[in-house]
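Hi,

Here is the structure I promised to pass on. Have a look at it first, and my notes on what turned up follow below.

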Amino acid sequence: MPRISPVTGHYVTVDVDDVQYKVFYLENGTGQPLLCQHTAGCHNHQWRGLLEDEEITADHRVIAYDLPRHGKSDPPENTEWWKEEYRLTAEHYTKFIVALCDELELEQPIFMGSSFGGNVALQLALRYPDRFRAVIPVEAADYSPGFYLDWWQHPHANAAQVCASGVWDLMAPQSPEADRWKTWFYYSQGSEAFKGDLYFYSVDHDLRDKLDQIDGDRCPVVMLTGTYDYLTTPEDGRRTAGQIKNGEFIEMEDIGHFPMSENHEVFRRYLLQALDRIGSRAGAQA
Amino acid sequence: MTAATTTPTVEEWVRSFTDATDRDPEIQAHGKYFTCGYLLDMADHHFVVRMTSGKVAELAIDPGPLDVGYQFAIRAGAETWRGFGTEVPAPMFHGIWAATFRRDMKLEGDVLVLMQNLRCITRQIELLRTVGVPV
């Protein structure tokens, strides 16, 4: 018997702000949609463990997409994108995610993302609280300065290696070596988009004076942060969740900024806690 | 190799760090162009490491101010370096980026040369987890 994974891939066309994208996504499972955003400069294969996690896919339809310009999703189909510097903004990023949900006809998905995907999860809870059953911001914070650096694209350095080794010690030394190296490898592939993604992550995303406008009852927010994350530390996550109405925070021991790809076995334990909390909140409101 | 349990003498450390570098499969697999000189400032001691094609060509112990040239410097207090020199470093002692963002580490000089050699430098600093630090 051929050892074929149950994970399938598709393209879907998404229009947002008069820009058209052909978006590649992977999916597996049935039930409650769980929409997953990769980290900056990366692609959906970071979620490979989750996509094949039978306990979670038994009652969740896990969908992990490649943001345009990442993985198998091309840059825009209908613009001369090569004539502009790529800089991702909160406005466009959130509109894109909502348009993708519309196109896939997802009803009340749970949105989960890590790093710049975690930060956009907070933006979604603020801007579109009624479109999501809940959000799970992973390795996120109200503000995360310091990583919009020219080094990611410096022509006198090997950008692929700088991107990959520059994020190496965002991972925990306890995570399996093979998984850390896979995460490194993903980063060696994304250098052209990484810096533009980080414009959102470290510059445009700033919710320091808006967290009190996120209603965690309308859109539950359960944040997860690893102890080895030096960019968005557990203290940052705890502080952020503490300023959101009924925001929740879970600290993850011995893991870093890429929990889903650096150590899925550890990450899944905390994710199940987060999903339980979201389920309990929904049960209490019913 | 086993984790360092006691503080090595300076001479022991130079020997073991050189040996670990020159025998490291990763540096030897990817270090063909790992040629540069850098200062490791560990407060109690400082060293200039001169690399040629992935091998330690020279490791100067506590050189005088004008004795040995280098392109960039990695500086931190002894406590930070001791954190690096444990088998499983605690958070923020586990890499030069982490320690620069969250502790007292400073990356100085021609940082471009550091970035050009980032993969090998990152690995070489991780060798401190097995050879320890002489401070």
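Let me begin with a surface pair: Arg208(A) counts as partly exposed at 46% relative accessibility (buried is under 20% relative accessible area, exposed over 50%, partly exposed in between, with a 1.4 Å probe and protein chains only). Asp206(A), at 25%, is also partly exposed. The side chains of these two, Arg208(A) and Asp206(A), meet in a salt bridge, 2.8 Å from N to O (that is, a side-chain nitrogen of Lys or Arg within 4 Å of a carboxyl oxygen of Asp or Glu).

Some housekeeping before the rest. This is a predicted model, in which local features need pLDDT of at least 70 and side-chain atom pairs count only at pLDDT 80 or more, while totals for chains, interfaces and linings use all residues. Residues are numbered from 1 along each chain as its sequence is written, chains are lettered from A and ligands numbered from 1 in the order in which they are written, and side-chain values use heavy atoms, with hydrogens and water left out.

In chain B, Arg50(B) pairs with Glu58(B) at 3.2 Å, N to O; Arg50(B) is partly exposed at 37%, and Glu58(B) is partly exposed at 34%. Arg103(B) forms another with Glu79(B), with the closest N and O atoms 3.8 Å apart. Arg103(B) sits in the loop between α4 (96-102) and β5 (106-109) of chain B and Glu79(B) in helix α3 (residues 78-84) of chain B, so this pair ties together parts that are 24 residues apart in sequence. (Helices, H or I of at least four residues, and strands, E of at least two, are DSSP runs numbered from the N terminus.) Arg103(B) is partly exposed at 29%, whereas Glu79(B) is exposed at 52%.

There is also a network of salt bridges linking Asp24(B), Glu26(B), Arg119(B), Arg123(B), Glu126(B) and Arg129(B). Helix α6 (residues 118-126) of chain B has eight of its nine residues buried, so it is largely enclosed by the rest of the structure. Among the buried residues of α6(B) are Arg119(B) and Glu126(B), both of which belong to that network.

Now the interface. Chain A brings 26 residues to the contact and chain B 22 (contact means heavy atoms within 4.5 Å). About 2000 Å² is buried between the two chains, with carbon and sulfur atoms giving 67% (buried area is the accessible area, 1.4 Å probe, that two parts lose on being put together, summed over both). Trp151(A), Asp169(A) and Tyr230(A) supply 29% of what chain A buries against chain B, more than any other three residues. The rule finds one salt bridge across this interface. Asp236(A) and Arg102(B) meet in a salt bridge through their side chains, at 3.7 Å from N to O.

The largest nonpolar core has 108 residues, and Ile97(A), Phe147(A) and Trp81(B) have the most contacts inside it (a nonpolar core is a set of buried Ala, Val, Leu, Ile, Met, Phe, Trp, Tyr and Cys residues joined through side-chain atoms within 4.5 Å). Helix α3 (residues 90-103) of chain A gives the largest share of this core, eight residues. Apart from it lies another core, of 28 residues, including Leu26(A), Val222(A), Met252(A) and Ile255(A).

Five bridges join β7(A) to the parallel strand β8 (residues 248-252) of chain A (strands pair if DSSP finds at least two bridges between them), and Val222(A) has Glu248(A) as its bridge partner.

Arg69(A), with phi near 80°, is in the loop between β4 and α3 of chain A and is partly exposed at 25%. Asp62(B), with phi near 45°, is in the loop between β3 (55-61) and β4 (72-75) of chain B and is partly exposed at 32%.

Cheers
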